[in-house]
Amino acid sequence: MFRRAAASTFFRHALSTSPYSSSAAAAAAAASSSAVNSIILRSLKEHFLEVSKMTPPPKVSPPKPYTIVKGALDQASGPVLRRGYGDAGEEISISVARLANIMPPGADYDSDDDDGGGGGVSESISQLFLHVDISRPGSSKSLQFLCGLYPDAVGIHSVCLRPKTAESGTAGLAGKGGDGYQGRIFQELDENVRDAFHHYIEARGINEKLFPFLQAWLYVKDHRNLIRWFKSVGTLISEPKSE
């Protein structure tokens, strides 16, 4: 009786650890992974085709004398528009991002998607955040503004003096950055000072007239990024694993 029980235990153990059992489990896992990959790839392809059919916004040119920075659409961050200003040779550059992507969770701003739909460009990007860099030749620092841009207005969130080498563009929009004293919170400044700064940027063409171009530009950039993302993820999932 004891011998039969021992033999039965031995055979069960041998079967559970046999190469056949292990290979069968591996094959089942591989089949399950392949099925999941197929589902993901099919979904990615469907959404890729849907996004590819989206109608781009009408072509809009920036207000003169601003010019588009070459290659800006293909950069993760950095200036979108540039211009010169005045006899002193001021150099002005503007970077842009969605306001919703910059403000922290719970911040007091209206959602870009209040209608719950995914309509056209005017419905999906209605609030923009600008980083404005104003510098002069020979100066080691630049005056930098963070502004909210809307279809009918522009408002200054903050203003500071930073080294020209400090990080600029949308990558640095949310951070204070820079060394030393950054100045008072803008809303704590005297009203006359705040008004003067608004006149200062208005004289340099930083106003609501920038909105149509920057809105359309962001829409095109988001569309390109989404297409690129679908392709990259699909390629990664479909690539055969190296042995």
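How many helices and strands are there in the protein? The protein has six helices and six strands, where helices (H or I, at least four residues) and strands (E, at least two) are DSSP runs numbered from the N terminus. The model is a predicted one, in which local features need pLDDT of at least 70 and side-chain atom pairs count only at pLDDT 80 or more, while totals for chains, interfaces and linings use all residues. Residues are numbered from 1 along each chain as its sequence is written, and side-chain values use heavy atoms, with hydrogens and water left out.

Read from the N terminus on, the elements run α-α-β-β-β-α-α-β-β-β-α-α. The six strands form an open sheet in the order 1-2-3-4-5-6, with antiparallel pairing; two strands pair if DSSP finds at least two bridges between them. In general, strands of a sheet pair through backbone hydrogen bonds, either parallel or antiparallel. Strand 1 (67-68) and strand 6 stand at the edges of the sheet, and each has a single partner strand, so one side of each is left without a neighbour in the sheet. Strand 1 pairs with strand 2 (residues 81-85) in the antiparallel sense over two bridges. Isoleucine 68 has leucine 81 in strand 2 as its bridge partner.

Next comes the interior. Of the 243 residues, 31% count as buried, which means under 20% relative accessible area, with exposed being over 50% and partly exposed in between (1.4 Å probe, protein chains only). The largest nonpolar core has 32 residues, and Leu130, Val132, Phe145, Ile206 and Leu214 touch the most other members. Such a core is a set of buried Ala, Val, Leu, Ile, Met, Phe, Trp, Tyr and Cys residues joined through side-chain atoms within 4.5 Å. Two or more residues of this core come from each of strand 3 (90-98), strand 4 (128-135), strand 5 (141-150), strand 6 and helix 6, and helix 6 gives the most, with six residues. Leaving aside neighbours within four places in sequence, isoleucine 206 is in contact (heavy atoms within 4.5 Å) with Tyr66, Ile92, Ile94, Leu130, Val132, Val154 and Ile201.

Four aromatic pairs are found in the whole structure. Rings of Phe, Tyr and Trp (its six-membered ring) pair if their centres lie within 6.5 Å; planes under 30 degrees apart count as stacked, over 60 as edge-to-face and the rest as tilted. Phenylalanine 186 and phenylalanine 197 form a tilted pair, at 6.3 Å centre to centre and with 55° between the planes. Phenylalanine 186 is in the loop between strand 6 (153-163) and helix 5 (191-203), and phenylalanine 197 is in helix 5, eleven residues apart. Phenylalanine 186 counts as buried because its relative accessibility is 2%, whereas phenylalanine 197, at 23%, counts as partly exposed. Ring pairs join Phe145, Phe186, Phe197 and Tyr200 into a cluster.

Where is arginine 204 found? Arginine 204 is in the loop between helix 5 and helix 6 (211-238), and this residue counts as buried because its relative accessibility is 8%. Arginine 204 lies over the face of tyrosine 200, at 3.6 Å from the ring centre; a charge sits over a ring if NZ of Lys or CZ of Arg is within 6 Å of the ring centre and within 35 degrees of the ring normal. Not counting residues up to four places away in sequence, arginine 204 touches Tyr66, Arg83, Tyr85, Glu90, Ile92 and Ile134. The charged end of arginine 83 sits over the ring of tyrosine 66, 5.4 Å from its centre.
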